[in-house]
Each structure stands twice: as C-alpha cells, then as structure tokens.
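Please open the model in a viewer and keep the sequence panel at hand.

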Amino acid sequence: MISTIGLIGGLALLIYMTVKGVNILIAGPIAAAIVAATSGLAWLPPLAAEGAPDFATAYMDGFVGFFKSWFFMFLLGAIFGEIMGASGAAASVAHWIVEKIGIKHAVLAVVAACAVLTYGGVSVFIVAFSVYSLAVHLFREANLPRRFIPAALAFGSVTFTMTSAGSPEIQNLIPMEFLGTTAYAGWEASLFVAIIMAVSGHFWLNWMVKRAVANGETFVGRETDNDNQDYGSLPAPLLCLLPLITVLGIFLIFQYPQAMGPLSAILPQNSLDKWALVAALGSGAIVALVVGYRKLKTMPEAFSRGATSAVVAITNTCAVVGFGAVAQLSPAFQTALEMVQNLPGSPLIGAAIAVTVIAGLTGSASGGQTIALPLLAPHYLDIGAQPDELHRVVAISSGALDSLPHNGYVVTTIRAVCGETHKDAYSAVGALTVIIPTLGTILVLGLFMIF
C-alpha cells in the first residue's frame, strides 16, 4: 500500500512540478526519490545491501542507458531540423502547403505542414518552432483563437505521423531493437489507423475551434508576434522537399537492402535497424545544406543550435526515463506488471495497456517504450504475439498517455513556442494527443484480432 501511494504520489508530484515550470532535470530525480523512499530502496550504493538496487544507481542507469542508445539520432535529427529552418526550407514547404490548402482551411494547413515535416524526419520539437510563425499568420487572417495553435501543432506532429509505419521518428524505431522488426511493421493496419486518426482529429479540432468562435473568441495579437517573413525570398518549395525525400528514401534503402535490386550488392546485407536513421538524417542534412547554399554563412550557428537542442531534448527524456527506471523497482509497479501480463485474451491487449500506462508514468512515448519493451517483449513473444503486430501496437499505444501535462514536448510547445498556458491550451492538446491515439490503439487492436 505504501509503495502504491508513493508511486502515484511521485507521478502526481512530477506532473505538478512540470506544469508549474520546474525543470524536468530537477523534477525527475525529486519525484523518483519519493518513489524510492516509499519502496524501501537505499538512497546511495554504499547504503544498499549487497546485490540490492539503490536509488542513485537505478536512476542513472536509466538516464545514461537511453542517452547511449539514442544520442546520435537526437543529434542528427536536431541538426537536420535546424538546417531546414536556417535555410528557409522548412518555412518554404510549410508555406507552400498553406497556399495549396488556402486560408479558409487554416487549421488543416497547419496540421498538414506539421505532418509533412514530421514524416520527413524533422524532430517534432523543431517542427513546432518551424511552423509556429505561419500558424500565427493563418490564425490571424482567419481570426481564430490562438489558444488552439498548440493543439494544431501537436496533432500534426505527435499523433498519426509520429507512430505510423515508415516514420523515421524514434517512437517508431525503438520497438525494432527488441522485436527484430522494421520501421514498416504492420503497415497495412497502420495506414488505416493513421487515416482514421487524422480525419477524426481534424473534425474534432475544427469543431472545438468553431465552438470557441461561436462563443465570441477571436485572435488576439501580441507585441512579440514576428510575422514579417519574406516568403518570396525562400527557396523553391519543390526543391526544399528533396531533403525530406532523401531522409525517407535512404531510410527505406537501409531498412530493406535486399529489396533494392542491383543496388543491394553495395549495401549491407542486413538491415541497419534503428541505425538506418543515422544514415538517413546525415544524408538529408547534406542535401539540405546544398538546397540552402545561399545561407551557408548561417550554418555553423545552426549546427551549434542543433547540438544544444539535441542535448536538451534527450536529457529531458532521459530524466523521465530515469524516473521510470526507479518506478519499475517499486513493489507496486511489479504487481501492476504481473497483473497486465496475466490479463486474459490477446497478448496485444496486455502490451497496449502496459506501454500506455508506463508511457504515461514517464511522460514520454520513447521513454515508456524503452522501459516497457525489455520487460514485456520476451514474455509476449514467448506466448505467441506476432512481432510486426506487437511493434505497431506498442508504437501507437505509446503515443496516448505520454501526452499528459508533464510531457516535455507538451510543455515546450504550449509554453516556450506558443506562449500559452496549460489552462487555456491543454484541453484541446489533450483531446487530440491523448484521446485520439487511445482510440487509434483500440482500433489497431481490433484490426489485428479480426484479421
């Protein structure tokens, strides 16, 4: 009972501190310490019995383990995104999509711009920064309440694109390491679920915006708004698509080298798995540099910003992974894990519940997968779960409760990027990034169980 109270209390404290603006590198260890204290863990290695775990070691093992596994992906992803931003390529692609869709569909234009950039390999954090100024312009022209901008950015970035088959985002790559699958695992079901999520979420977001407008809400400008982008000076949009196409193309080639025909003779005989993203993002960055050759003088600074952003993003994620590493040592966590593993019916259901809960506990889809899969993957594979199906269920389900208020992306997008508050913006963000992916999880489970 004490362990359960500590686990729930630690999570509640983590959410509270994050919403209040406490740095996650501080909030994570403090909340984990509460869990450790109520679980009977020693604080430091010298205080622990021989062979027994302790708070400091467990937290840092989780922190450093995630850093070691994913640093290069974060680094290249952030640098690629910064190059796309500094060269004007990201703004050019986003503006082109806006022109094609039209100002009357301002919300759809923002979502579509985010979706294209995310599926093209640009980090979700960079996507939010890249599209925000255009979103402000569109919402101003359409006179829509700006508190819905975070929801539009988040919906286009961290829902139907982030966890779909073929996505180069790490939330779709982590299962490969534990299941021996590829990034395109379960693509048929994934495509159907992504379409349903995109359509239903779009209509729901539009309904929320229209209801707010009917209640008298309008766009409110700010002195800090910077909407003076000279779109005529941007590179040609079709040319700017080349880096995104390069990322997806190289990623596909190194995922399926045997399917490349004559080209397969000069490629590795086996898939590079998650490391294909390193080759893909590196190649995309080179192409983006060529596309933005007119801005080469700004690129050293872009590289520096990318490196800094990568460290911030991955350490924020590591902080919640460390919390999860301590949480999984608590008796309450182990009891809950046993209950989930012994659920009757399809093992996919147990996997979905476990990953959803752990991702919510850590406030991170990638962190939740990293903690859950080493514990759950061998068990579910042993009892007959198909690796491709398990991969897709894990990926989609990890994107549901991860978007609770303490999620790093949610906090950054609402507060740092858009300058809103959780009180004004989170209801729409939560509806689209928690409820819609949860429904997507239920849908993909139904598809795999029927077919």
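This is a predicted model: local features need pLDDT of at least 70, side-chain atom pairs count only at pLDDT 80 or more; totals for chains, interfaces and linings use all residues.

Residues are numbered from 1 along each chain as its sequence is written, and side-chain values use heavy atoms, with hydrogens and water left out.

**The whole chain**

Display the chain as a cartoon: there are 18 helices and zero strands. Both are DSSP runs numbered from the N terminus, helices being H or I of at least four residues and strands E of at least two. The radius of gyration is 22 Å, close to the 22 Å given by the globule rule for 451 residues, so the chain is as compact as a globular protein of that length. That radius is taken over C-alpha atoms, and the rule is 2.2 Å times the number of residues to the power 0.38. Along its principal axes, the C-alpha trace spans about 65 × 60 × 45 Å.

Colour next by accessibility. Of the 451 residues, 56% count as buried; buried means under 20% relative accessible area, exposed over 50% and partly exposed in between, with a 1.4 Å probe and protein chains only. Contacts (heavy atoms within 4.5 Å) can then be drawn: of those with a separation of 6 or more, 78% come from residues 24 or more positions apart.

**Helix H7**

Select residues 149-158. Ten of the ten residues of helix H7 are buried, so this helix is largely enclosed by the rest of the structure. Among them are Ile 149, Pro 150, Leu 153, Phe 155 and Val 158. Which helices cover the buried residues of H7? The cover includes helix H5 (106-119), helix H6 (124-142), helix H9 (187-214), helix H17 (408-417) and helix H18 (422-450).

At 6% relative accessibility, Tyr 409 is buried. Leaving out residues up to four places away in sequence, Tyr 409 touches Val 124, Phe 125, Ala 128, Leu 153, Ala 154, Ser 157 and Val 158. Phe 72 lies 337 residues from Tyr 409 along the chain, with 19 Å between their C-alpha atoms.

Move to Val 199 in helix H9. Val 199 is partly exposed, at 42% relative accessibility. A C-alpha to C-alpha distance from Val 199 to Trp 275 gives 32 Å, for 76 residues in sequence.

**The aromatic cluster**

Show the side chains of Trp 43, Phe 55, Tyr 59 and Phe 63, which form one aromatic cluster. The structure holds seven aromatic pairs. Rings of Phe, Tyr and Trp (its six-membered ring) pair if their centres lie within 6.5 Å; planes under 30 degrees apart count as stacked, over 60 as edge-to-face and the rest as tilted. For Trp 43 and Phe 55 the centres are 5.8 Å apart and the planes at 80 degrees, so this pair is edge-to-face. Trp 43 sits in the loop between helix H2 (24-38) and helix H3 (55-86), and Phe 55, twelve residues away, is in helix H3.

**Glu 82**

Finally, follow helix H3 to Glu 82. Glu 82 is buried, with a relative accessible area of 14%. Beyond its neighbours within four places in sequence, Glu 82 contacts Ile 126, Ala 302, Arg 305, Gly 306 and Ser 309.
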